[in-house]
Amino acid sequence: METTSDPLDCRGLTPDLAAVRIKQAVSVGSADAAPLPVLLDEDCAPERVSGALQGTARRVRYVPAARARRTPPNGGPSLEGTGPAPRGGAPWWQRPDLRYTGGRLHLGGTDIDTLASRTGTPAYVLSADRVHENVRRLSAAMAAAGLDHRIYYAVKANRTPGLLAHLRTVGACGVDVCSVGELMHVQANGFPPEETSFTGTSLTGRDISVLARMPEVRVNPDSLASLDALGRACPGREVGLRINPGVGVGYQGDDRLNYSGGPATKFGVYADRFAEARDIAAQWGMRIVRLHCHVGCGYLDAQIPEWERALDGLAAAAECFPDLREVNIGGGLGVPHTASDRPLDLDRWAGAVARRFAGRGLHVAVEPGDYLVKDAGLLVTEVTGVERRRDVLFAGLDAGFNLAMEPAFYGLPCEPVATVPRWGEGEEVYTVAGDINEALDVWMSGHRMPRLRPGDRVALINSGGYAASMRSDHCLRGQAADVLLLERRPVELQ
Ligand SMILES: Cc1ncc(COP(=O)(O)O)c(C=O)c1O
C-alpha cells in the first residue's frame, strides 16, 4: 500500500471511481491496517466515497484539498456577470420554470450552475413539479373533450424512485410497465397492482408466472403466444390485448420511431388474427376487456392525421371484441425538440380520441412517457475543451451518448445550452461532442451558441426521458449524479 505520508491522489475522480481507486490501493498494499490518506476534489463528498467503500472506509483519512474549480483556466473572465440578455430574444425552449434569470439557467427556481457546483457533472436534474404539471395539462385536455380517462405514466422513460413516489403521493396517475423488473420497482415506490398497466414483449415463462400471481395488474399481452401462456397460468382472468393497427407515427415522420406500420413489427396482434385471439381467450375462460395500441414515439401536430388512422384501426378492432370496457391508446405524444417544433395541440389530439371513443361506454387509458418527463429534465455537463479541427470548432463535454442515447440513436436532439452564457463575448458555431470513443458521440453539429470555455457548464435540454433510464457504462463512463427538484428543493438521489 502507498505510505501514510504519501496521500492517494483521487482528484478528478467521481466518488465511485475514487472508491475503486482506494480499493485497488488497499488490495495491492501490505496487510497492515495503517490509515490511508486520500486526496479528493473539494466537490467530491467523502461520505459518498465511504458509502461505496463499506468496510475499507475505516482505513481512509480524507486530506482536505482546495481546488478553485470555478476559476476559469487561462485567466479567462469570471463566469459571473456575463451580460444581461441573449441576442435575438429568448431561446425557443424558455418557459416560466425553465429560463435564464440574472443570466443564469434556472429549472423550477433552482440555479443549475450552482447546483452543479455541489453535485459535480455530469448530473441528471429532474423537476417533479414540471412532470406533475404535464400530467395535469394532459388530463385536463382529455376531461375537456369528454373522455372518461386515466393516465398511466410509462416508467421506462424515467424510473427515478423519488419521482414515482411523488406521483403516487399526489395521486397524479397510474403507471405503465413493460417488464417484471419495472413491476417490482413501481411497487417498491408505492404503486399497487391495480394502478399498474403491463404491456411487455417477448414474455418469458417466469414473467407469466409473476403476472399470474397478480390478477389486479392490467396486463395487455402483445402476442397470441403470451395470451395463451397467461390463460394457461390463470384461466378466467380479465385481460387486455395489444393490437397492431398497421399504421405507425414518430417524431417528424421518422420510421425509426414507428412501432407499427410499413413492414411487420413485433408489437401486437394484427387484425387477421383477432379471431384466433378470441378463441384462445375463450379456451381459457378469459374475457378480453381492453384493447391496447402504441404506434410510435414523439409525434407532434404534423403526424396527427397519420395517428388518427391508427385510432381508426383501434376503433375498428373494438367492434371485434364484445366484452370491451377500455381502450388504451398508448403513448408517443411528443415534445418540441427544435426551434421549429410547436407543442402538440392537446385539444386537437383529445378531440380526435373523443370522436372515436367518447360516449361509447369505453374508458380511455393513455400511457405517455416522454410527454410527461422529457422536458422536465436536464443533463448538466462541463466543457472539457474547445478546439478547432480543420474548419470545425469542437466543444467537448464530460458526458457522452451513453448517458442520453436518443440523439445518437433516433435523431431526437437534446440541445446544448450554457448554464451561465457569456452573452457579452459573442457567439460561435460548435460541434458539441461527448466523451465516448465512438464516432456517433456528437450532441449537435453546427450549433450556434455563446462562446464557450473549458470549465463552463452546458445543460442538455429534454434529457428527462429515456436518458437516465437507458444509460450504459460504455467506456466505464456511466457515472452521473441524480437530483430531483421537488417543490423547489433539490434532493440528491445518489
Ligand atoms: C407499450 C408502450 N407504451 C408506452 C410507451 C411510452 O412511449 P412514449 O415515451 O413515447 O410516450 C412505450 C414506449 O416505448 C411503449 O412501448
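**Close-up views of a predicted model**

**View 1. The largest nonpolar core.** The largest nonpolar core of this predicted model holds 120 residues, and Val 125, Leu 379 and Ala 459 have the most contacts inside it. A nonpolar core is a set of buried Ala, Val, Leu, Ile, Met, Phe, Trp, Tyr and Cys residues joined through C-beta atoms within 7 Å. A residue is buried if 20 or more other C-beta atoms lie within 10 Å of its own, exposed if 12 or fewer, and partly exposed in between, with C-beta atoms placed from the backbone. Helix H4 (residues 128–144) supplies six residues, the largest share of this core. Because domain 2 (76–126 + 375–492) and domain 3 (128–373) both give residues to the core, it lies between them; the domain bounds come from an automatic or database domain assignment. Residues are numbered from 1 along each chain as its sequence is written. As the model is predicted, local features need pLDDT of at least 70 and side-chain atom pairs count only at pLDDT 80 or more, while totals for chains, interfaces and linings use all residues.

**View 2. Leu 379 and a second core.** Leaving aside neighbours within four places in sequence, the residues in contact with Leu 379 include Pro 122, Tyr 124, Leu 403, Cys 414, Ala 459 and Ser 463. Contact means that the C-beta atoms of two residues, placed from the backbone, lie within 7 Å. A second, separate core has twelve residues, among them Ala 18, Ala 19, Cys 44 and Val 60.

**View 3. The sheet of eight strands.** Eight strands form an open sheet with parallel pairing, in the order E11-E10-E9-E8-E15-E14-E13-E12. Strands E11 (218–219) and E12 (238–242) stand at the edges with a single partner strand each, so one side of each has no neighbour in the sheet. Helices (H or I, at least four residues) and strands (E, at least two) are DSSP runs, numbered from the N terminus. Two strands pair if DSSP finds at least two bridges between them. Strand E14 (residues 326–328) runs parallel to strand E15 (residues 363–366) and is joined to it by three bridges. Glu 326 has His 363 in E15 as its bridge partner.

**View 4. The sheet of three strands.** An open sheet with parallel pairing has the order E1-E2-E3. Its edges are strand E1 (8–9) and strand E3 (60–63), each with a single partner strand, so one side of each is left without a neighbour in the sheet. Two bridges pair E1 with strand E2 (residues 36–39) in the parallel sense, and Asp 9 stands opposite Leu 39 in E2.
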